[in-house]
Amino acid sequence: MKLIISVLLFSTNLLAQNVPLKDYNWSTDDIALKGLSKEKLFSTMDRDLIKLGDSICSNRALMWLYDFKRQHDVDGSKIFLFYTGKTGEAGAKTWWYHVAPIIVESGTEWVMDAGFSLNITKPLLINEWLKTFTGSTNCKEIQANETDLIERMFSGRVFPEVTKYGSYDCYFKKVPAGYWTPASVAMNLLGTTTNGTPTTFERPEINKDEVYAACKEAVTGPLGYAIG
C-alpha cells in the first residue's frame with residue numbers, strides 16, 4: 001500500500017507545473033507543488049462574511065484571490081466570461097459578464113467559483129464552468145490583438161453573437177489575479193482608458209487598496225468590513 005501511495009504521489013508531482021498565461025508575464029501557481037488540493041482550497045473560501053447573493057462577482061473574485069495569496073501563498077488567476085444576447089439572460093436581469101478565480105492542480109486549470117453554493121459545490125474545469133453559466137461551451141477565447149472585442153469590455157453591454165471571428169455564444173479571457181474589472185483588463189491590453197487616453201496600466205499583483213474597496217461592497221456589513 002505504501003508503495004502504491006508513493007507511486008501516486010510521484011506521478012502527481014511529475015504532472016504538477018505552474019501554468020503561464022498567454023499575453024501576460026504571469027503564471028498560475030500549481031497548488032500540488034505546495035501540498036494543497038483544489039477541494040481543500042475550495043472549502044476554505046469565505047462564504048460567511050461575503051454576501052454571496054448580493055455582491056458583485058468581481059469583488060468576490062478579488063477577495064478570494066487575495067485570501068489564496070495571504071493564507072496559502074498561492075498566486076491564482078481569473079477568468080472573465082462575457083455573455084451574448086443569447087446567453088446573458090438571468091431571470092429578470094441581463095448579465096454582461098461574470099468572473100471567478102482560477103487555480104492549477106497537477107497542471108490542470110480549475111475555476112473556483114464559491115458564490116453559488118446551491119449549485120456549485122466544488123471546483124470546475126473551465127468548460128464545465130462555461131456550460132454552467134451559459135448553457136454552452138461554444139465560447140471564444142479573446143486574443144490580445146482582437147481590439148474590437150477588447151474595446152467592448154468598456155461598454156457594460158453583452159457581446160454580439162456574430163463577429164468577423166465567427167458565431168459564438170460567449171467569450172472569455174484569462175488574466176492575472178490583480179485585474180479587478182473588465183475595464184482594467186481592457187486598459188492593460190489596449191493601452192488606453194475608457195476615454196481613449198493613452199495609459200500604461202499594469203495590475204498583475206493584487207492591489208490592497210482595491211481589495212479594501214471590494215470589501216466595502218462584498219461583505220455582510222460594517223463588522224465584516226472591519227475584520228475582513
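## The big picture

What you're looking at is a predicted model. Count up the secondary structure and you get 8 helices and 11 strands. Of the 228 residues, 48% are buried. The protein exposes about 11,500 Å², and 53% of that comes from carbon and sulfur atoms.

Five strands make an open sheet with mixed pairing, in the order β7-β6-β3-β11-β8. β7 (108-111) and β8 (139-141) sit at the edges with a single partner strand each, so one side of each has no neighbour in the sheet. From one strand to the next, the twist averages 30 degrees.

Now look at β8 and its pairing with β11 (residues 170-176): the two are parallel, over 3 bridges. Here Glu-141 stands opposite Phe-172 in β11.

## Helices on the sheet

Helix α3 packs on the sheet, where it touches β3 (77-83) and β6 (97-105), and its direction makes about 20 degrees with that of β6. Helix α4 (residues 126-134) lies across β3, β6, β7, β8 and β11, at about 35 degrees to β3.

## The core

Which residues have the most contacts inside the largest nonpolar core? They are Phe-82 and Trp-129, in a core of 64 residues. Helix α3 (residues 57-72) gives this core its largest share, 8 residues.

Beyond its neighbours within four places in sequence, Trp-129 contacts residues including Ile-79, Leu-81, His-98 and Val-111.

Technical notes: Residues are numbered from 1 along each chain as its sequence is written. This is a predicted model: local features need pLDDT of at least 70, side-chain atom pairs count only at pLDDT 80 or more; totals for chains, interfaces and linings use all residues. Side-chain values use heavy atoms; hydrogens and water are left out. Helices (H or I, at least four residues) and strands (E, at least two) are DSSP runs, numbered from the N terminus. Buried means under 20% relative accessible area, exposed over 50%, partly exposed in between (1.4 Å probe, protein chains only). Accessible areas come from the Shrake-Rupley method with a 1.4 Å probe; for residues, only the protein chains shown count as cover. A nonpolar core is a set of buried Ala, Val, Leu, Ile, Met, Phe, Trp, Tyr and Cys residues joined through side-chain atoms within 4.5 Å. Contact means heavy atoms within 4.5 Å. Two strands pair if DSSP finds at least two bridges between them. Axes are lines fitted to C-alpha atoms, for helices over the stretch in contact, and angles run from 0 to 180 degrees between N-to-C directions.
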